[in-house]
Amino acid sequence: MAYLTDRKRAVGWGASKTGTQHHWSMKKSSVALLILVPLFVFTFGNALGGTYEEVLAYYSRPFPAIVAALTIAVGFKHFNDGVQVLIEDYVHGPMEKVLILAMTCVSYGAAGVGLFAIARLAL
Amino acid sequence: MADVNRGKRPLSPFMIGPYYRPQLNSITSILTRITGNALLIGSLMIVWWLLAAATSEAYFAVANAVLTSWFGDLVMFGSVWALWYHTLAGVRHMIWDEGKMLDVESADMLSWAIVIGSVILTIFTAIFV
């Protein structure tokens with residue numbers, strides 16, 4: 001015979017205990033990417049296919065460099081938030097946390113490398 | 001009783017599989033997730049290409065050869081489509097977040113807009129960029 005009430009059992013067992021912050025973070029990066037993505041496609045599309053000298057000259061201009069830097073920063077944050085939900089939906093147990101940590105390392109690592117590369121090309 | 005049916009609750013089956021007939025809405029939804037996550041591959045290649053350009057001419061030659069090879073072209077072309085698809089699907093989520101166009105006809109119309117729009121934008125990008 002159990003004396004715990006239904007409510008007592010249910011408290012703390014919500015789907016994720018959180019989510020509005022994540023949703024809002026996703027929405028902010030989505031709106032930013034809606035502006036950045038077309039700009040990045042057209043600037044990067046211009047650079048790709050050029051010679052080494054052309055690429056260096058192109059990314060030493062402020063506009064392509066700033067667009068690339070912002071797209072890398074916001075894009076990988078958006079990816080990290082998105083892949084976290086993908087993992088939470090399909091993977092459970094310890095592997096869930098391991099994968100989220102691993103993908104966070106990949107996201108921030110790639111963003112760091114990308115920003116370093118843009119800074120070095122631009123300056 | 002508090003102990004009734006613990007752990008034996010009926011669960012919502014996954015949208016793709018034997019329980020649901022494939023629908024435009026479920027397919028365009030799962031494609032949003034697939035395209036979004038698949039974009040990691042192209043993104044990492046572009047970051048690598050930028051790092052190579054920032055490092056040396058010799059390293060750039062290696063990365064540039066990969067990105068402009070048939071394999072690189074394939075990934076970049078696929079990524080362009082994935083990017084436009086995911087972008088348009090994101091716009092649909094923004095519309096839905098406002099509580100608009102949630103009925104079946106509007107959702108189906110938006111699904112076709114995403115599919116057709118992403119193809120048109122991809123062709124446009126391939127030609128003009």
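Predicted model: local features only at pLDDT ≥ 70, side-chain atom pairs only at ≥ 80, totals over all residues.
Let me begin with the interface as a whole. In chain B, 24 residues are in contact with 29 residues of chain A. On the side of chain B that touches chain A, helix 1 (24-55), helix 2 (57-67) and helix 3 each supply at least two residues. The most is given by helix 1 of chain B, which provides twelve residues.

Two packed helices are described by the angle between their axes and the distance between the axes. For helix 4 (residues 62-90) of chain A and helix 1 of chain B, the axes come within 10 Å and cross at roughly 130°. The crossing of helix 4 of chain A with helix 1 of chain B is left-handed.

Which residues meet there? From helix 4 of chain A come A:Gly75, A:Phe79, A:Gly82, A:Val83 and A:Leu86, and from helix 1 of chain B come B:Arg33, B:Gly36, B:Asn37, B:Leu40 and B:Ser43. By class, the residues of this contact are four nonpolar, five polar and one charged.

Two of these residues lead further into their own chains. On the chain B side, B:Gly36 is among the contacts of B:His86; leaving aside neighbours within four places in sequence, the others are B:Thr32, B:Thr35 and B:Leu39. B:His86 sits in helix 3 of chain B, and an unreviewed UniProt entry annotates B:His86 as "binding site". Is B:His86 buried or exposed? B:His86 is buried, because 26 other C-beta atoms lie within 10 Å, and the threshold for that class is 20 or more.

On the chain A side, A:Val83 is in contact with A:Met103, as are A:Asn80 and A:Ile87, again leaving aside neighbours within four places in sequence. A:Met103 belongs to helix 5 (residues 94-122) of chain A. Although A:Met103 and A:Val83 are 20 residues apart along the chain, their C-alpha atoms are separated by 7.4 Å. A:Met103 counts as partly exposed, because it has 19 C-beta neighbours inside 10 Å.

Next, the record. For chain B, the unreviewed UniProt entry lists "transmembrane region" at residues 30-51, 58-84 and 109-128. In the model, residues 30-51 of chain B are 100% helix, with end C-alpha atoms 32 Å apart. Residues 58-84 of chain B are 93% helix, and there the end C-alpha atoms lie 33 Å apart. For chain A, UniProt places the feature, likewise from an unreviewed entry, at residues 31-52 and 98-119. Residues 31-52 of chain A are 82% helix, with 33 Å between the end C-alpha atoms. For residues 98-119 of chain A the helix content is 100%, and the end C-alpha atoms are 31 Å apart.

I close with a backbone detail in chain B. B:Met101 lies in the loop between helix 3 (70-97) and helix 4 (104-128) of chain B. The phi of B:Met101 is near 60°, a positive value in a residue other than glycine. B:Met101 is partly exposed, with 13 other C-beta atoms within 10 Å.

Conventions
Residues numbered from 1 in each chain as written. Chains lettered and ligands numbered in written order. Helix = DSSP H or I, 4+ residues; strand = E, 2+ residues; numbered from the N terminus. Buried ≥ 20, exposed ≤ 12 C-beta atoms within 10 Å, placed from the backbone. Contact = placed C-beta atoms within 7 Å. UniProt positions renumbered as here; feature names shortened; annotations may be inferred. Axes fitted to C-alpha atoms, helices over the stretch in contact; angles between N-to-C directions. Left-handed = near helix turned anticlockwise from the far one by under 90°. Nonpolar A, V, L, I, M, F, W, Y, C, P; charged D, E, K, R; others polar.
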